[in-house]
Amino acid sequence: MIHWLKQLRSAFGVAFLWLVCLIYFTQGFRSFVWTAVSYQLKDRLQLSPSASQFVFSVAFFPWSIKPLYGIISDCIPIGGKKRTPYLVMSTVLSLVPWLLLGLDSTLRSSSLYLMIFLTVQNLGSAMADVVIDAMIAEAVRLEKASFAGDLQSVSWFAMAVGGVCGSLLGGYALSNLKIETIFLLFTVLPALQLLSCSLVEEIPANDEPLPELLDSNGFEEKSKLSNDNYRDTNKSSTRRRKVQKKGKKGASNGKSEKQKKQSKSLASQWFQSLKAATFGLGRAFKQPIILRPMAWFFIAHITVPNLSTVMFYYQTEVLQLDAAFLGTARVVGWLGLMFGTFIYNRYLQDMTLRKSLLFAHIGLSITILLDMVLVSRANGGYGVSDKTMVLFGSALGDAINQLKFMPFLILSGRLCPPGIEGTLFALFMSINNLGNTVGSFMGAGLASLLGISSGSFENMFMGLAIQVFCTYIPVLFLFLIPKEATGVSAS
């Protein structure tokens with residue numbers, strides 16, 4: 001283990017490894033503060049379950065447009081750099097909202113202001129996630145490709161540790177601290193992340209065509225032509241500057257004209273790069289071999305209403321479960337996620353993806369049935385406590401969701417054509433996140449339609465029954481997944 005870490009340190013440097021681990025740890029540790037947000041919406045603002053779920057759905061929308069951040073950082077350098085300026089910008093966006101919410105009670109007490117600041121915070125977190133992924137890809141390409149899997153393992157491990165720590169400490173903090181204090185405490189991590197950005201040195205971006213565009217069917221020549229034009233403009237500007245030095249008259253006007261042309265040329269280059277990247281990404285995505293599987297994963301999210309926020313209200317109001325226990329349940333969920341990853345990698349890689357996704361949806365329906373048992377209070381008749389049901393359901397649900405997510409990762413990795421892997425993978429993840437967001441809106445709408453609200457859970461059983469039925473709708477569309485594709489080899 002120590003030898004392995006020394007190898008990574010020698011390959012990528014201590015500062016870079018520290019920054020990667022810190023960002024992913026912070027992503028996992030977000031459960032510490034978002035648990036407090038749930039209680040702020042429920043207890044302080046007294047929003048209904050559907051209203052709270054609507055706030056969460058809007059707040060997490062920035063995770064659905066991740067390719068936008070990748071394309072902008074790829075095509076528009078700031079100060080000659082593509083990554084660290086955007087990482088600093090995203091960290092500031094992650095830090096300031098929590099600071100303001102912790103200091104200003106007016107902002108915390110308004111659902112509109114709270115939703116806006118939470119959306120800005122997620123914008124910063126999502127952008128940081130995209131930028132650090134790009135930095136990892138570049139580091140692996142420039143240094144040692146053989147360490148690609150090791151670096152990803154470190155990233156996932158850091159996020160898992162952050163998730164466990166955030167869930168444990170989040171429940172404890174809610175029992176002993178004010179919500180505004182929790183908001184302020186969380187700012188320590190993004191502040192530390194902001195300071196750490198200065199430790200990593202980035203190679204300034206050059207004027208060469210982006211690697212993502214070189215293999216994008218016809219965009220190579222356009223990119224080269226754009227860059228050649230830009231170089232020619234720079235050369236002519238240099239010659240004009242030398243001539244201007246010899247004569248004093250009109251020097252100021254010539255310099256102004258040169259700057260205008262350089263600015264116009266640079267803006268034109270950025271526009272062409274953005275246009276080429278966007279068009280190339282869209283053309284790659286429209287290929288049936290890519291579009292069909294991604295359509296299935298999107299359908300799988302939007303057809304199943306998400307009632308997680310409604311269940312949170314039920315667990316706290318009816319079952320009287322405290323924050324510390326719910327934090328423990330989230331830790332068990334993280335362990336279930338790790339267990340699901342292990343099970344898939346160890347036993348299910350040879351299974352076709354269609355079959356594994358079918359079993360995953362059957363498993364998801366079983367977890368919802370367990371919630372129905374809990375809501376009907378039938379578990380008490382068999383001597384099973386509510387806490388046992390919640391812990392078991394949390395572990396099983398997260399494990400099965402990971403069994404569903406693993407085929408998504410496998411297909412995403414295979415479907416990305418060479419040259420635009422990073423941006424297209426970000427698009428795949430955005431589709432997954434957008435599907436989750438739409439599913440949350442559907443859940444909020446279902447709860448509102450059934451009249452489920454704080455203190456009124458009579459139709460909760462009906463809502464879960466509808467959710468079970470909807471879980472099998474995506475099964476009808478499994479023909480969109482490549483028939484013989486498995487976790488090991490694709491046909």
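Rings and burial in a predicted model

Modeller: In this predicted model, K387 lies over the face of F325, at 5.3 Å from the ring centre.

Colleague: How many aromatic pairs does a search of the whole structure find?

Modeller: The search finds 15. One of them is F25 with F29, whose ring centres are 5.6 Å apart and whose planes meet at 20°.

Colleague: Why is the pair of F25 and F29 called stacked?

Modeller: Centres must lie within 6.5 Å and planes under 30 degrees apart; with 5.6 Å and 20°, the pair is therefore stacked. Both residues lie in helix α2 (residues 14–29), 4 residues apart, about one turn of the helix.

Colleague: Why is F25 called partly exposed, and F29 buried?

Modeller: Buried means under 20% and exposed over 50%. F25 has 22%, so F25 is partly exposed; F29 has 11%, so F29 is buried.

Colleague: Why is the pair of W98 and F183 called tilted?

Modeller: The planes are at 40°, and the centres are 5.3 Å apart. W98 in helix α6 and F183 in helix α10 are 85 residues apart, and the pair links distant parts of the chain.

Colleague: How do you know that Q402 is buried?

Modeller: Its relative accessibility is 6%, against a limit of under 20%. Q402 is in helix α19 (residues 386–415).

How values were computed: Residues are numbered from 1 along each chain as its sequence is written. This is a predicted model: local features need pLDDT of at least 70, side-chain atom pairs count only at pLDDT 80 or more; totals for chains, interfaces and linings use all residues. Side-chain values use heavy atoms; hydrogens and water are left out. Helices (H or I, at least four residues) and strands (E, at least two) are DSSP runs, numbered from the N terminus. Buried means under 20% relative accessible area, exposed over 50%, partly exposed in between (1.4 Å probe, protein chains only). Rings of Phe, Tyr and Trp (its six-membered ring) pair if their centres lie within 6.5 Å; planes under 30 degrees apart count as stacked, over 60 as edge-to-face and the rest as tilted. A charge sits over a ring if NZ of Lys or CZ of Arg is within 6 Å of the ring centre and within 35 degrees of the ring normal.
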